[in-house]
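Colleague: Hi, I'm new to this one. Could you walk me through it?

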Amino acid sequence: HELAPALNSLLYFDARPEEDFRVHGSFKTAWPFRTSSSFKDGTNKTVVLSIPDIRIFELFSDFQLGDSVYFRFGKATVKWGVGYFFSPADIINLEPIDFFDPTAQREGPLQFRVFIPYGPSQNTLSFYAIFDEDNPDFKTTALAGKAEFVLGNYELGASAYYRNDTTERAALTVSGPIGIFDMFAEGVLARGSPKTFYTFSSTAPYIALSQAADHRTTLYPSATAGFLYNDQNNNLTTIAQYFYNGEGYSNADRKNNITTLTNLLTMLPAGTTKDTVLGAGKLAALFSGRHYGAASVSLSEIGGSDFSASILGIMNLSDTSGFVYPTVSWQIADYLKLSLFSLIFYGADDTEYGILAPYGPRPISIGLKLTAGTGNF
């Protein structure tokens, strides 16, 4: 049905003109290497401009005060949180985790960081001033801090985030081995929430929006825990994680929202209003539950061959909906890999992934992907 060629690149530089001074930058671009923007000129004629698609992903400098205090200023990824599929303690980064590529580097904000190692080299303090890209001002500048230290075989972290016009958050993280498993866990407490909460009504204007950050009277606890098991002898990797989403809807509110939304879509006339309600319904469904699970199993070089296989599963445990993503790959040659995959959504129409499924009446899609000429240098 569909052909979707993709070509993208990240070009970076890392300059160290002096021992205690470093500048790092990276730039992203993707085919067709341009974006279009339209506007009305003075004669009310529509003018279309083609703009090169080049985005600055990171640009920062590192410098220091003696050998005890280290500074960073610029746009950079911030490595908070220890979760794999879900990371409520990752408060600062601008992009969410991509379930299909959880280890991908995510875009960070403009920041000024002070980094102080203390005691053993694994113990550190970090302080941040984080600037808003769209509206830089004192009231939109966030302050954050994090302490990390090692206790035996475990790494522990405590962090806090404050911004005047949104919610405050505090987080605890821990990671380390338990037997043959690498365990990780996070706990977060937020006062208020930046999330938009939706309420649907059978009478106009049909949709009501609210944000808990407006009044900050509600505490939202979130937590996650999981493990990673890696058997290098058999090229087997298994990852599983549970996530309690404290900013999700209660079961009663979630069911009432979906029921009202379903009724609205049957009674509204076709047109903009209906499309608006449906769009709001998809946004309301996103992470609407309070309990989630995720698991991934991958096996590479099966039996010493050039074949590998993996399966990824995500489930909203509150309404038992989700998706499964199995993949089988063949490494034809260096820099050339062929993969056969399927994306399978499950869940009733009144569940999160029943509403979010992008394939309409086709809950199962099958794809063939050829990856050519991909590498890092």
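**A first look around**

Modeller: Happy to. Let's start at Asn44, which sits in the loop between β2 and β3 (46–65). Keep in mind that this is a predicted model.

Colleague: What is the phi of Asn44 like, positive or negative?

Modeller: Asn44 has a positive phi of about 65 degrees, although it is not a glycine.

Colleague: And is Asn44 buried or exposed?

Modeller: Asn44 counts as exposed because its relative accessibility is 55%, and the cut-off for exposed is over 50%.

Colleague: Which other residue has a positive phi although it is not a glycine?

Modeller: Glu301 is one of them, with a phi of about 50 degrees. Look for Glu301 in the loop between β15 (291–299) and β16 (307–316).

Colleague: Okay, on to peptide bonds. Is the one from Trp31 to Pro32 cis or trans?

Modeller: That bond is cis, and its omega is near 15 degrees. As for where to find Pro32, go to strand β2, which covers residues 21–40.

Colleague: Which strand gives the most to the nonpolar patch?

Modeller: Strand β17, residues 321–333, does, with three residues. Ile332 has its place in that strand.

Colleague: How exposed is Ile332?

Modeller: Ile332 has a relative accessible area of 36%, so it is partly exposed.

Colleague: Now the inside. How many cavities of 30 Å³ or more are there?

Modeller: The count comes to one cavity of 30 Å³ or more. About 80 Å³ of space lies in the largest cavity.

Colleague: Which residues line the largest cavity?

Modeller: The lining is made up of Phe200, Tyr249, Arg254, Asn257, Ile258, Leu261, Gly281, Ala284, Ala285, Ser288 and Ile355. The elements giving two or more residues to that lining are α1 (251–267) and α2 (272–285).

Colleague: Which element gives the most to the lining of the largest cavity?

Modeller: That is α1, with four residues.

Colleague: How does one see where empty space is left?

Modeller: A probe the size of a water molecule is rolled over the atoms, and this shows where space is left empty.

Methods. Residues are numbered from 1 along each chain as its sequence is written. This is a predicted model: local features need pLDDT of at least 70, side-chain atom pairs count only at pLDDT 80 or more; totals for chains, interfaces and linings use all residues. Side-chain values use heavy atoms; hydrogens and water are left out. Buried means under 20% relative accessible area, exposed over 50%, partly exposed in between (1.4 Å probe, protein chains only). On a 1 Å grid over the protein atoms alone, a cavity is a set of points where a 1.4 Å probe fits but cannot get out, and a pocket is an open set with protein on both sides within 12 Å along at least five of seven lines; lining residues have an atom within 4 Å of a point. Grid points are joined across faces, edges and corners, and a volume is the space filled by probe spheres set on the points.
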